[in-house]
Amino acid sequence: MKCYAISIYPLLFKGLAVPYSTEAYSKQGAPLTGPKVTANCIWKFKAEVIWEEIPISKRQGFIRNYTIFYSDKTGPVRYIVRNELERRYTLTGLLAATDYEVKVMATTDAGGTNSSVLNLTTKKSDENILIIIAWLFLILLLLMSILLLMYFLFKKMLTGQLWPKIPNPANSALASWSPGRQSQ
């Protein structure tokens, strides 16, 4: 179950053309070992798992897909088949503060081999959200303090600009003026 590199060199009237190369197995088997799985990021309701590529010497065939199996201690085993050969996946719909077991199976045309079990625990809360809320609260508090300080420092100037002094018409010379009498 060795991987062979096969190259075909087309022979044309003018000479050799560009060769075409591919890899092939005389017979495929299940991988000798499963991929090594680690948790990249763990949140409250999801977790990202990544796994390493199986070395060519231990593949015994072409990897067709990866199947991710995961379950909590009490629930059924759920699985996702990944036909893409990207070696990462984010498990969603998880429960907060729950222990999960995760395995990844690499599959060739002849069969599959599971990785060792990865145990992970989802978080009780997302610390990132709490940190963002705390920072926003502090920024809002600082902004309100600056605005309050500016109000007290520039109160007289702001009062004059925003609310100009309007003269009292009772103190005006027009208040004592009558139409029949002319003022001197």
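The points below describe selected features of a predicted model.

1. Helix H2 spans residues 127-153 and holds 27 residues. From its first C-alpha to its last, H2 reaches 39 Å, close to the 39 Å expected at 1.5 Å a residue. The helix is hardly covered, since the count of buried residues among its 27 residues is zero.

2. A nonpolar patch lies on the surface, formed by Leu142, Leu143, Ile146, Leu147, Leu149, Met150, Leu153, Phe154 and Met157. Together these residues have about 920 Å² of accessible area. H2 supplies the largest share of the patch, seven residues.

3. Phenylalanine 154, one of the patch residues, is found in the loop between H2 and helix H3 (155-162). Its relative accessible area is 39%, so phenylalanine 154 is classed as partly exposed.

4. Six salt bridges are found in a search of the whole structure. In general, side chains of opposite charge can pair when their charged atoms come close.

5. Glutamate 48 forms a salt bridge with arginine 88, and the closest N and O atoms are 2.9 Å apart. Because glutamate 48 lies in strand E6 (residues 46-51) and arginine 88 in strand E9 (residues 88-92), the pair ties together parts that are 40 residues apart in sequence. Glutamate 48 counts as buried at 11% relative accessibility, whereas arginine 88 is partly exposed at 34%.

6. Aspartate 109 and arginine 64 meet through their side chains in a salt bridge of 2.9 Å, N to O. Aspartate 109 lies in the loop between strand E10 (99-108) and strand E11 (111-114), and arginine 64 in the loop between helix H1 (56-59) and E7, so this pair ties together parts that are 45 residues apart in sequence. Aspartate 109 is exposed, with a relative accessible area of 52%, while arginine 64 is partly exposed at 40%. Elsewhere, salt bridges that share partners join Glu53, Arg59 and Arg87 into one network.

7. Glutamate 53 is partly exposed, with a relative accessible area of 46%, whereas arginine 59 is buried at 17%.

8. Serine 71 has its place in strand E7 (residues 65-72). The residue is buried, with a relative accessible area of 9%. Leaving aside residues up to four places away in sequence, serine 71 touches Pro76, Val77, Asp99, Tyr100 and Glu101.

Notes
Residues are numbered from 1 along each chain as its sequence is written. This is a predicted model: local features need pLDDT of at least 70, side-chain atom pairs count only at pLDDT 80 or more; totals for chains, interfaces and linings use all residues. Side-chain values use heavy atoms; hydrogens and water are left out. Helices (H or I, at least four residues) and strands (E, at least two) are DSSP runs, numbered from the N terminus. Buried means under 20% relative accessible area, exposed over 50%, partly exposed in between (1.4 Å probe, protein chains only). Contact means heavy atoms within 4.5 Å. The expected span of a helix is 1.5 Å times one less than its number of residues. Patches are made of residues with over 30% relative accessible area and no salt bridge: like charges are joined within 9 Å, nonpolar side chains (Val, Leu, Ile, Met, Phe, Trp, Tyr) within 5 Å. Accessible areas come from the Shrake-Rupley method with a 1.4 Å probe; for residues, only the protein chains shown count as cover. A salt bridge is a side-chain nitrogen of Lys or Arg within 4 Å of a carboxyl oxygen of Asp or Glu.
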